[in-house]
Each structure stands twice: as C-alpha cells, then as structure tokens.
Amino acid sequence: MRMTIGDFLIRRLKEVGITEIIGVPGDFNLNWLEQIEAADGIRFVGATNELNAAYAADGYSRSRGVSCLLTTYGVGELSALNGLAGAACEHIPLISIAGSPPLFATEKRWLLHHTLADGNFGNMLESVRPFAAVADRITPMNAVDEIDSAIRAALREKRPVHLQLPSDISHLEITVPDAPLDTSLEPSDPAQLDAVLDALLEEFSAAKNPVLLVDQDAQRHGFLTLFEQLVEKTHLPYALMSSGKALLSEQHPLFLGVYNGAASWPGVQEAVEGADLLFTCTPRFIEVNSGSFSQSISEEHTIDLGDQHVNIHGTHYVGLDTTQVLREFIDRVPTATGEMPAPADNVPEADPFEPHAEAELTHARLWPQLKEFLREGDTIITEAGTSNIGLSAQRMPANVTYINSAIWGSIGYTLPALMGSQMAAPEKRHLLFIGDGSFQLTVQELSTILREQQTPIVFLLNNAGYTIERYILGMDRQYNDIANWKYSELPAVFAANPSMDSYSVRTEGELAEALAAIERSDKSDTGAFVELHLDPKDAPAGLKAFGPMTAEFDYGPRGPRNP
C-alpha cells in the first residue's frame, strides 16, 4: 500500500502500543506534529524541555514497555541526551525521533540554525550513537527498513534508538507493508534448546540449596511472571538486588531479602553466596548495589539467564529465546513436595506505627510511618539518594512497581518519570518520593502533570539542600545548600485549579493527619503534594554509612573528609 512516511511512522508506533508521544515542538518537527494531530489513537504531549521529555519517556516505557520521544535537530537532541544515556544504562526501550533539516539542505551542506554552521550534518548522530542501539537518518529510500529495524532493535535490545526525520520528507508517499510489525524474537535453535534444558534439569536436580537472584533485567526481558511460576512450583528461594527492588513480591515466604554484598539485609549475603546453584539474570555490580564491590558470586555455581543466552558455569548457550527456555524448564522441572517454607525472619514486620504527635520528623521514624501508607499495586517512584535509601530498607507491599534510576542515578529524573509513568498507566496509584535538590532540577514538569490533570501523591523532602552530598563531603558547605522555596504552594502557582491538595508538615502528628486526609479524599480526580520538613543533617541510616564509604572510594586515603 502507499502511505506517507510520517503516517507510516505513526502507524508503527501505535502497533507497538504507544498512544502518547512526549517531547518539545521545533520548526523541524512541526510538519510531523501536524500528522500526529490528524491521527487517531495517538497524541502529542508537550513537556517543558527536552531533558524532562526524555525522563518522562523513560518513565512511560517502564510502565508501558516502550515509549516515543520527539525533539528537534541539534539543540533538542543534545538537550535530551542525558535522558537517552540514562535509558541506555537502565535498559529501557525508547524510540527517539528528531525532526531534522530538509534533506536537500543536508545533502548540499547548507549552513543552518541549530547547527554549528559548518555544513556538518553527521555530528548530532555521532553524539547520540554511543547511547543508542540505532542512530540513523530516514530518507524516502530507506524509510521502511530504518523505521522497522529501529523499533525492533529498541524492543529486542532494550535500549533507546534514534531516528532523524528530515522536515521535507514526512509528507512524501512510499510503498509500505500491509502487515503489522512483527516484533517477536527469533525462536530458539532446537538443538541449543534441548541441550540447555538437559543441562538445567541436571543442575537443578543435583542442587541442595539453589537460590534465585533477581536484578532489573528480569523485568526488561519479560522474566518476572516466569520466575514467579518457577518459585511457586519448585519452592525456589529468591533475593532481590537493590537495583531490582520489589520486582518479585517482598511479602512471599520464599523472599530472602535484598542482596547488596556486605550491605545486604541480615543473612542474605550468606544465603546468596553460599548457594550451590545460583540463578542470575545478568546482574551489573556497581559500587551502590554491591556494598562497594563486596559481592562474591562464583561462576562455578552460577547459571546466568540473558534474554538470548544462558551461561551455565561458564558454558555459553546462544541462539535462544530465554523466555521459551524458562517456559519449557518450568514445564519439565518436578513440582516441590511438602509445605511452603516459613518466611525469612531477617527483617521482621514492625509493630503498627504510633506517631508521636509533637515529635519533629526524623528519618529514623519517617520511613516506617510512610511505609504504612503504601498499598498493594502502587507505583512507587524514588529519587536517587535519600528517598531511595530510606524506602529501600522497607519491605514493600505485594505487586508494587518500584521505579528508580538505580545505576544511572541522574537526580531530577523522577518527577518527569512520574508524569510519563502515570500517563502510561493511569489506572494505578502513583507515589513519588523526591528530595528538594532533585526537585529543583526538573520542577517545571509539575506544571505538565497538573495540565494533564494527573493525580499523583508527591512527597517532597525539604532538607535545605543535597543531603546525600553533605554526607559524602561538605556537611556545612555552602555548595550543598539550595534556595528554600515554598514548595507546598507550587501546585497553586502552576495551575489555577490544581488537581492536588497541598500539605506542609513538620511533625509526626501533622504527617499522620495529612495521610489520613489523603486517604479520606482518595478519588481519581485529586492528588496530593506533601512537603516534609526535615533537619538538613538528618538522614537514613543507610545514607549515613554510604556517605563516608563513597568519600573513601572517591578521594583516596589522602583526600578530604567531613570532620
């Protein structure tokens, strides 16, 4: 059939489940925006800047499975690059489209705005390529192949892809396939599948104390439901890495706790490192999820599951769709006999929290109090640093989605990510926990959240600066201070009739009253913005340990330290 290039791109985005395109208009993409405006079943959502749009697209993808970002050439692409790099680091499928100068001007090397005025139209693509599985320019001759291969690569490789769409070609007609885009993985090689299943069954039957260790790639590659089935059928104990927080239920009796090397929950390091068979899913150990590289995982006892490979004690099986491997392994593995083991008692459930009405908020008691507000099925978004460290020590309710930039760790990520995630999953209750320093980096996106009439519950930690930085170095230094805004008044600044109720709390009693009021007004058309006032020198226990350890690593034995 014949179709314009712009309409074909829209059709392909809709076929993979995208109903919103997040971005910023610019003269080189307005032509395609007109086509989006005319299309059914998809819409453009404007963010306040390209970096925020990229963060929002990342959050959208974490809830929907894939997303689309739209920027303009040069200034827009480069402004979004930090967000694309974060998506690449965190293994997030994201389709980035940049409107680019007319094809004739590119080919003639004209000197144009948004360029370096040197006739070089390859430098922007070269800037993006290190952070994208694909980075190319669409032309009328390659449009079908480039669009289809890029979308497949994003979904297959779990990475961003980037396509430049010249402004003078989106309305040109080309011949396009009639069939919807096939995004399925290539089926496993039959001989490899049989070989790996035989090896897996042999290893599992011989194991006395197998353990499953889950990290973020288990979610990216579609393993979670299969892991749940494996756990139920075989009574396989499991631990979560701190970068895989809450991916499987933390309420299940077979949940051992969070593994973080020497900083693991009590007993978890011994259980994971002492397993005679350890299933992993390509964990990436960095200093913050390994207890400063104190992990000790022996390949001799490890079976690593990638999306297209299985590594059994150093023997690599490739040419596999690992979801197919897991399905057939679950079918063949014997069902466990006997009762389900008793839950691990390494993190006992705390008694119901009793607020001390006049007591000022402290991190030691804040997070247990907030934990009781969480529900099954929530989407919980935690900013890198104080919020994530405070909540990561708490056992999450079942079936929560926990969003955090655990490895990339770019502060300010979570407010736009909240917007994108709630757009992709509006039926779920969304809660954001963010510090004041991070909030100030991307605060403009609160206006988009309100414009879209979203109703999240935002907890803003007002501790007058960068608390995590204070504990690393400069506890009393001015460089860790920020301006003290009237945060709880911002929803009314950004919207005449905000879809959020605001609260400003300083004591446990005031927080209890605010949480009770939010529960009472819990309806789909009202969110909440809760400003929590905390001592700038207070922090969760985990952060107090993390700061000096980071200073030791960063600055060496002769470097500066806090007094």
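At which residues does UniProt place the feature "domain: Thiamine pyrophosphate enzyme central"? The record, an unreviewed entry, places this feature at residues 198-317. In the structure, which is a predicted model, the chain over residues 198-317 is 25% helix and 24% strand.

The domain assignment of the chain gives domain 1 at residues 2-175, domain 2 at residues 200-332 and domain 3 at residues 363-555. The centres of domain 1 and domain 2, taken over C-alpha atoms, are separated by 36 Å. Eight residues from domain 1 and eight residues from domain 2 take part in the contact. Between them, domain 1 and domain 2 bury about 610 Å², and 33% of this area is on carbon and sulfur atoms. On the side of domain 1, the residues that lose the most area to domain 2 are E90, H91 and K158, which together account for 61% of what that side buries.

An open sheet is formed by six strands in the order β3-β2-β4-β5-β7-β6, with parallel pairing. Strands β3 and β6 (134-137) stand at the edges and have a single partner strand each, so one side of each is left without a neighbour in the sheet. From one strand to the next, the twist averages 25°. Strands of a sheet pair through backbone hydrogen bonds, either parallel or antiparallel.

Two pairs of strands show the parallel arrangement in detail. Strand β2 (residues 20-23) pairs with strand β3 (residues 43-46) in the parallel sense over four bridges, and R43 in β3 is the bridge partner of E20. Within β5, G99 stands opposite T72. Helix α3 (residues 50-64) lies across β2, β4 and β5, and runs at about 165° to β4.

Another open sheet has seven strands in the order β11-β10-β9-β12-β13-β14-β15, and its pairing is mixed. Its edge strands are β11 (255-259) and β15 (315-318), each of which pairs on one side only. Neighbouring strands of this sheet are turned against each other by 20° on average, direction ignored. Strand β9 (residues 210-214) runs parallel to strand β10 (residues 238-241), and three bridges join them. The residue opposite V214 is L240 in β10.

Two helices are described against this sheet. Helix α11 (residues 224-234) packs on the sheet and touches β9, β10 and β13 (302-305). The direction of α11 makes about 160° with that of β9. Helix α13 (residues 322-332) lies across β12 (277-280), β13 and β14 (309-312), and runs at about 60° to β14.

Finally, the annotated binding positions were examined. Under "binding site", an unreviewed entry in UniProt lists D436, N463 and G465. These residues are spread over 30 residues of sequence, yet they cluster in space, with a largest C-alpha distance of 6.9 Å. Of the listed residues, D436 has its place in helix α17 (residues 436-442).

Technical notes:
Residues are numbered from 1 along each chain as its sequence is written. This is a predicted model: local features need pLDDT of at least 70, side-chain atom pairs count only at pLDDT 80 or more; totals for chains, interfaces and linings use all residues. Side-chain values use heavy atoms; hydrogens and water are left out. Two strands pair if DSSP finds at least two bridges between them. Axes are lines fitted to C-alpha atoms, for helices over the stretch in contact, and angles run from 0 to 180 degrees between N-to-C directions. Contact means heavy atoms within 4.5 Å. UniProt positions are given in the numbering used here, feature names are shortened, and annotations may be inferred rather than shown by experiment. Domain bounds come from an automatic or database domain assignment. Buried area is the accessible area (1.4 Å probe) that two parts lose on being put together, summed over both.
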